[in-house]
Amino acid sequence: MIALPLFDGKNRFRVVQLNHTELVLVDYSYLKEREMINLTDYHRLWVQEKLNTSFIANYIGTYGTPAYMKAAYQFTEETKSNIACGAFLGINGPKVALLKGIVYFMNVNFKAFDLEEEALTFVTRQTKIND
């Protein structure tokens, strides 16, 4: 298992303040489909109450099933006007192409990263640009 300092393995959904930026940390790592959908639905409901929010989502050890992708599409469609940017960890192989398609067709500022530090830099810079 890869150690990620922002993700403690216990809290699946956390809101933290970092460099004057409210940042949501969503830990999907090693979850099964139903748990992933439930977490996405929770995040969607939380975001609907916010403006200009950003998130880092940890997808290490997950699979994008058709049912989960439907929930992810709904999340993106309903929250894209409230989200400044989103960074994804654990997105590799075919998932990279899928994410690029979502970014292009849904016009969202989402990006995959290999390192947590890169994701953190991206979301804090993008949020400041949109302020």
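Author: Two strands count as paired if DSSP finds at least two bridges between them. This is a predicted model, in which local features need pLDDT of at least 70, side-chain atom pairs count only at pLDDT 80 or more, and totals for chains, interfaces and linings use all residues. Residues are numbered from 1 along each chain as its sequence is written, and side-chain values use heavy atoms, with hydrogens and water left out.

Reader: How do you know that β2 and β3 pair?

Author: Five bridges join β2 to β3, and the definition asks for at least two. They therefore count as paired, and they run parallel. Asp 27 stands opposite Asn 58 in β3. Strands here are DSSP runs of E with at least two residues, helices are runs of H or I with at least four, and both are numbered from the N terminus.

Reader: What makes the pairing of the sheet mixed?

Author: Strands of a sheet pair through backbone hydrogen bonds, either parallel or antiparallel. β1 and β2 (residues 21–27) run antiparallel, joined by six bridges, with Gln 17 opposite Glu 22 in β2. β3 and β4 run parallel, also joined by six bridges; Phe 55 has Gly 86 in β4 as its bridge partner. The open sheet has five strands in the order β1-β2-β3-β4-β5.

Reader: Why are β1 and β5 called edge strands?

Author: β1 (13–18) and β5 (110–113) each pair on one side only.

Reader: What makes β3 mostly covered?

Author: Buried means under 20% relative accessible area, exposed over 50%, and partly exposed in between (1.4 Å probe, protein chains only). Six of the six residues of β3 are buried. In a regular strand the side chains alternate between the two faces of the sheet. In β3, Thr 53, Phe 55 and Ala 57 are buried on one side, and Ser 54, Ile 56 and Asn 58 on the other.

Reader: Why is the β-α-β unit of β3, α2 and β4 called right-handed?

Author: A crossover is right-handed if, with the strands pointing away from the viewer, the path from the first strand over the helix to the second runs clockwise. The unit of β3, helix α2 (residues 66–79) and β4 is right-handed, so its path runs clockwise in that view.

Reader: How do you know that the span of α3 is close to the expected one?

Author: The expected span is 1.5 Å times one less than the number of residues. Helix α3 (residues 94–106) has 13 residues, and its expected span is 18 Å. From first C-alpha to last, α3 reaches 18 Å, close to that expectation. Asn 107, which follows α3, has a positive phi near 55°.
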